[in-house]
Structure formats: C-alpha cells, structure tokens
Amino acid sequence: MSSALETLRRDFGGDIIEPGGTEYESASRSVLATGSPAYVLRPTSVGDVQAGVRFAAGAGLVLSVRGGGHSFPGFGTNDDGVVIDLGNLANVEIVDNERHLVRIGGGATWGQVAAALAPHSLAISSGDTKSVGVGGLTLTGGIGWKVRKYGLALDNVVAAEVVTASGEVVRASAEENPELFWAIRGGGGNFGIVTAFEFVAHLTTDVFYGKIAFPAAETATVLQGWADHLRTAPEVLTSIAVLANPMAGGPEAPVEIYVAFDGDDPELAARALDPIRRLGTVIDDDVALKPYADTLVDGMTPPPGIQFVARSAFVDKESVSEVLQILAEVGASERSPIIAVRSVGGAVSRVPDDATAYAHRHAELMFVTTTAGPKPVVEAARPALDAIWGRLAPHVNGAYANFLASATEEDVAAIYPTETYERLAAVKRQYDPGNLFARNHNVRPQ
C-alpha cells in the first residue's frame, strides 16, 4: 500500500482527502448515503482519474465513482475504499456549432449543462433535477422533460472518453470501440469512468411547463384519461402524474399532472394540454411559458438519518389500465408511498431494441414508489410496500436503474434481460475482468 500511495501522491494533481482532514466529513458522504472511505480523490484532469484508478486497483481497494452523488443505493461512497469524485471535471463546451455538438465533463450536473446551453438556445433532454450528475443519469437512461420528442439522455450521446480498469483512456463511439459504446448507453458504470461525453443538443424555445391538479377523489378517472391522452398526444408533450404526496396530504393529496410542452406557441400548447384540463375538476393550474432550464428543480439533501427507498417498473400498453387502477387504490390508502408515473414511448420506442443496453424501449409508462423517513419508519413500512408490489407484479416488468434503492441480483435481472446481460458481460470481461467497477448495478465478468 505504501508504494501505491506514494505513486498516487506523485501522479495525482487534485485533492486527496483522508479521514481527519477538514473536508473529510462532507467529502465522505454522497447525497443519499454516508460512508467512511479511506481516500476521497478529486481529480482535476483525465490523468488524475487514471492515477486514481490505478491506485485503487493496485491497492485492492473498493472503488466508488461519484458524479452528482444522487444514487439511491449510495454507490457514490463506501467504507475503507477509494472514492473518485468527478465534480471538478464539469466543463461544458460547444465543440461544433453546426451539429450542436456539446462536450460535457463527466462530473457536470444537469443544472450546469442547462445554464451553459441556454444562452445558445440549446438543450439536451435530461432528468428533472439541477444537481443530478450527467454521468449517473446518462449511463443508465435519462427520462427527462423532452423524452418523448428527443428520447433518453443516452440516445443523444455520440461519443465518450472512458478510463478503463487498466487506467487506459479510450474513446467509445459508433466507429471506435463500438461494443463499449453500446454498453455504456444503459449499462451504467460497469465498464470504466466516463470523463467526458459528447452529446448532440437541439435548438430549443421556451416551453410551457407546470402542473394541473385535481382532487384526490378523481384520481382513478384522471389517471386513466391522462394515459389515454398521452397515447395519442403530440410527442412535444411529456408528462408525469404524482399522487399521495405526504407534503400535500398523503391519501388526500391532489393528483398532480406535471406537463412540459416543448414549444412556445400558445395555441398548439392549448390543443395538447386542454384535454388534460378536461379530465376532471381543476383545482390548480400553474402552467406557464418559461425557459427550459427553469423546468429543472433544485435537488435536496435529506437530513442525516433519513432514508429513501425507491422502487420502479415499466408498464406496457396492455397493462396500463390495471396498473393505474391499482396505483389509484394504493394512493388513497393510509401510509401510501409517494407515487410518480412517467410517460415514455415516442422517440424512446423508435430506437431499435439492440441499439443500446437500455432494454425497455416499448414501455408506455415508467412508475416509481418512494418511501422516506428514519430507518425504523422505513423498515416498518416495508411489509405494506412489499404487498403493494406483489399486487403489481403480474402487470409490470423490468426496473429503471436510476430509481432503484437496492442492487440485488433480482434488481440487476430486472434492469437487464438475459440477452442484454450476456452481451454486457462480454464487454465487462474485455474492459474490467477483475470487476473493479462493482459499485453499481453490477454486471459480473462471467
């Protein structure tokens, strides 16, 4: 260890934070998890990342990679290992104005990206939270406010710079290392550290964004009508339905339909949104024209001791009615989890199944249940949550890795169907045969 550490101190140009240091307490934790790593490394260059990877591999230490740090399972920290925090690699640069090609550092957040692109009237469909990292979201999906028109965040990646387990830097694109390029678009952080992404952005106007709320008593009919409308609505409309929000009354909370209409024409927006307004008794409607960057919300860091348990699944067209009926019943019950249902389809479904490692192209909806609280509260809620998911199981499939608080073998199997997993495992054997990058929904180098 001593020689490996000496080599790291010689080759690493960023900060090396160890227990007892002034920044250690904040550096050791990610947004949703606490840890006690032996070293937190904050690289300022790709060479630093290479040095950090070689150190972790050479010392036989567990390695965590942190972008935004929002991983529900806490992948961005560990105990007694190494954390490589990419936060200083956050540059956003337009490298080709005609193609709208944007190079983004692996440690950037989506808020930084949106702010940098806004003066150029450009955008990338990402998630919905400013502080979420570009890397974590993109490598496993990216269901954002323009997903139905522009697809997942990973669908807009055209190349990536990757530091592999051997400490080498490789470029992944359709022409260079194409199997690695396929794998990182959906396969998570299993194959290396992406130090830079190249995205194709799109021209954007302001967008109509906000929520339309209805009484809790109308949840069942509103949800079914909402899903029916999204099936035929223009792809410039993306929407999320939220119910049982404990901050707004739990089972008595209004059902809130969040909408993003990608355009600034009020007549076209009304044509797409008015059918939603007619679904029930509107008790709140704050939809307004605003810059796309303003649709992203500030992320919150929970107080110490608060846990979040998120579970997700996809719903195909034939099961939409049954699933929404169950969710409406659950949302009206005491101690319901928070439920969010996201419309997908559109551009997502037009990408061939085998084009990327994201395996759930034909789902019409993706939904998430979230339970939060101190550990005893979360544990006490688990039997009821398991019962809810037992009811849903016959009607749903898969899982969305970005909204999953556990990382069991069952979770990995839900994220990656057998054929996808086997192809990913072959790429893993090539680029990370020792499974250095295991702090993720892990694909083993079988």
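**Before starting**

This is a predicted model, in which local features need pLDDT of at least 70 and side-chain atom pairs count only at pLDDT 80 or more, while totals for chains, interfaces and linings use all residues. Residues are numbered from 1 along each chain as its sequence is written, and side-chain values use heavy atoms, with hydrogens and water left out. Helices (H or I, at least four residues) and strands (E, at least two) are DSSP runs, numbered from the N terminus.

**Stop 1: helix 1 and helix 3**

Select residues 2-11, which form helix 1, together with residues 46-59, which form helix 3. Their axes come within 10 Å and cross at roughly 175°; axes are lines fitted to C-alpha atoms, for helices over the stretch in contact, with angles from 0 to 180 degrees between N-to-C directions. The two helices are therefore roughly antiparallel, a label for angles over 145 degrees. Ala4, Leu5, Leu8 and Asp11 of helix 1 make the contact with Asp48, Ala51, Gly52 and Phe55 of helix 3, where contact means heavy atoms within 4.5 Å.

**Stop 2**

Next, select residues 219-232. This is helix 8, whose 14 residues reach 21 Å from first C-alpha to last, close to the 20 Å expected at 1.5 Å a residue; the expected span is 1.5 Å times one less than the number of residues. Among its buried residues are Trp226, His229 and Leu230, buried being under 20% relative accessible area, exposed over 50% and partly exposed in between (1.4 Å probe, protein chains only).

On the helix 8 side, Thr219, Ala220, Leu223, Gln224, Ala227 and Arg231 meet Val320, Ser321, Leu324, Gln325 and Ala328 of helix 10.

**Stop 3: Glu161**

Select Glu161 in strand 8 (residues 157-163). Is this residue buried or exposed? Glu161 counts as buried, because its relative accessibility is 19%. Its side chain is joined to that of Arg103 by a polar contact of 3.2 Å. A polar contact is a pair of N or O atoms within 3.5 Å; within protein, one must be able to donate a hydrogen and the other to accept it, and residues adjacent in sequence count only if both atoms are side-chain atoms.

**Stop 4: Thr238**

Move to Thr238 in strand 13 (residues 237-243), which is buried at a relative accessible area of 3%. A polar atom of the Thr238 side chain lies 3.5 Å from the backbone nitrogen of Arg148. Leaving out residues up to four places away in sequence, Thr238 touches residues including Trp145, Tyr258 and Ser343.

**Stop 5: Asp284**

Asp284 belongs to strand 15 (residues 284-285) and is partly exposed, with a relative accessible area of 32%. Display Lys211 as well: its side chain makes a polar contact of 3.3 Å with the side chain of Asp284.

**Stop 6: two loop residues**

Finally, select His100, in the loop between strand 5 (92-96) and strand 6 (101-105). His100 has a positive phi of about 55° although it is not a glycine. Arg335, in the loop between helix 10 and strand 18 (338-343), has a positive phi of about 60° and is likewise not a glycine. Arg335 counts as exposed, at 81% relative accessibility.

Conventions:
Angles under 35 degrees count as roughly parallel, over 145 as roughly antiparallel, 65 to 115 as roughly perpendicular and the rest as oblique.
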